[in-house]
Amino acid sequence: MNDISSPSPRPAEPALRRASVGVRIGKVQVGGGAPVVVQSMTNTDTEDPAGTARQIAELARAGSELVRITVNTPAAAAAVPRIRERLDMMGVEVPIIGDFHYNGHQLLEAEPACAEALAKYRINPGNVGFGKKKDSQFAAIIEKALEYGKPVRIGANWGSLDQSMVAALMDENARRAEPWDASHVAREALIRSALDSAARAEALGLPRERIILSCKVSGVQELIAVYRDLGERCDYALHLGLTEAGMGSKGIVASSAALAVLLQEGLGDTIRISLTPEPGQPRTGEVVVAQELLQTMGLRAFTPMVTACPGCGRTTSTFFQELAKTVQEHVRAKMPEWRVKYDGVENMTLAVMGCVVNGPGESKHANIGISLPGNGEAPSAPVFIDGEKAMTLRGDNIASEFVGIVEGYIDAHYASRGA
């Protein structure tokens, strides 16, 4: 029989960051023990410098630390330095990554200002070139990276695998005494594509500390299997992402299911959540999901976290739901200002609870918590600050009063930067 007086086991903690090679992208460190970095990508036409710079700025202000843009035409390449200039004028220092497919070697050669303005190049080994041209076109991009001192992400994707490599692996597999199944062959093709390309880049003179690898698939279990294998076979910095994750809850759940497993095992140095935006919704949603994934796992802190109950038959009033939404939207909207002004505010915890069952207890666990009245409870809302009951709110102004308490706590408890 278990001794109920014995302490419960400690919760599992994420593995220490894998000892990957560190890569510097502008002012951002990726790998080498640095915290996991959040990345996003624009969906604007890069040929529109104003629109693209505006969206990059929105992503950066939402918390994206690296932003990738498509560079697919001569006009898009020519627009890159103008995008960088606009961002600099706005005071947005986020590094821009150029995403190249098929013609990157030509664009970088024709537009040296583009090659200089980008902080990193992304190459897909599956479409950098075909046949006899593949090696020379890959080499041309690496040579530009060397000329301008840029790091490179070699990003294999199972939607654009090098078919000659796939065919060679299938032939090799057919000769095995115990052939692999088709999914194993596909995983091996992805991994070899990335690793062989990295070896080629090193042979051309690109240092290991300027190489990042990724091997993206759209299936959760396949992604986990690929990165576990890749992590055992190299020490490069790794970019994680479930490609074509989908829209809404499906994309969020699938990405979180895959990336959480890998991050828990210490794999991954930068992540992107590849969500299809809901019609009319901002692109910044993918940044919020990436941040919340890292923060809920205890890997990083970006903004005060709000605990809120789901509601039940005790809480038919929607007021606690509205208050939780108000508080959550307020802290996220204020975070760009708080981040500049206060140290450590992102670690603050808040609780908005809907009845007496778990309300007081959860509120005491947070820095600031409120327990709203459920059905049949007295029309009063006790507020707890750092585990102690501080006051009781009543009336029609509970939301604004609670937000004011949060603001006052931040001002009193977090040292102002530069003070």
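Here is a short chat about a predicted model of one protein chain.

Visitor: What helices and strands does the protein chain have, in numbers?
Guide: The chain has 13 helices and 17 strands. Keep in mind that this is a predicted model.

Visitor: What does the C-alpha trace span along its principal axes?
Guide: About 80 × 65 × 40 Å.

Visitor: How many of the residues count as buried, as a percentage?
Guide: The protein chain has 419 residues, and 49% of them count as buried.

Visitor: Let's zoom in. Which way do the residues of strand β15 point?
Guide: β15 covers residues 368-371. Ile368 and Ile370 point one way. Gly369 and Ser371 point the other way.

Visitor: Are those four buried or exposed?
Guide: Buried, on both sides of the strand.

Visitor: In what sense do β14 and β15 pair?
Guide: Parallel, over 4 bridges. β14 is residues 349-353. Within this pairing, Val352 stands opposite Ile370.

Visitor: Which helix goes with β14 and β15 in a β-α-β unit?
Guide: Helix α12, residues 359-365. The β-α-β unit is right-handed.

Visitor: How many bridges join β15 to β16?
Guide: 3 bridges, and these two strands run antiparallel. β16 is residues 381-385. Gly369 has Phe384 as its bridge partner there.

Visitor: Where does Glu244 lie?
Guide: In the loop between β9 (237-240) and β10 (246-247).

Visitor: Why does Glu244 count as exposed?
Guide: Because its relative accessibility is 58%, and the cut-off for exposed is over 50%.

Visitor: What about phi of Asp386?
Guide: Near 50°, again a positive value in a residue other than glycine. Asp386 lies in the loop between β16 and β17 (388-393).

Visitor: Why is Asp386 counted as partly exposed?
Guide: Because Asp386 has 41% relative accessibility. Partly exposed sits between the buried cut-off, under 20%, and the exposed one, over 50%.

Visitor: Last one: how many positive and negative charges are there?
Guide: 43 positive and 49 negative. Their mean positions are 2 Å apart.

How values were computed. Residues numbered from 1 in each chain as written. Predicted model: local features only at pLDDT ≥ 70, side-chain atom pairs only at ≥ 80, totals over all residues. Heavy atoms only, no water. Buried < 20%, exposed > 50% of the residue type's maximum accessible area, 1.4 Å probe, protein only. Pairing = 2+ DSSP bridges. Right-handed = clockwise from strand over helix to strand, strands pointing away. Lys, Arg positive; Asp, Glu negative; His and termini not counted. Charge placed at Lys NZ, Arg CZ, Asp CG, Glu CD.
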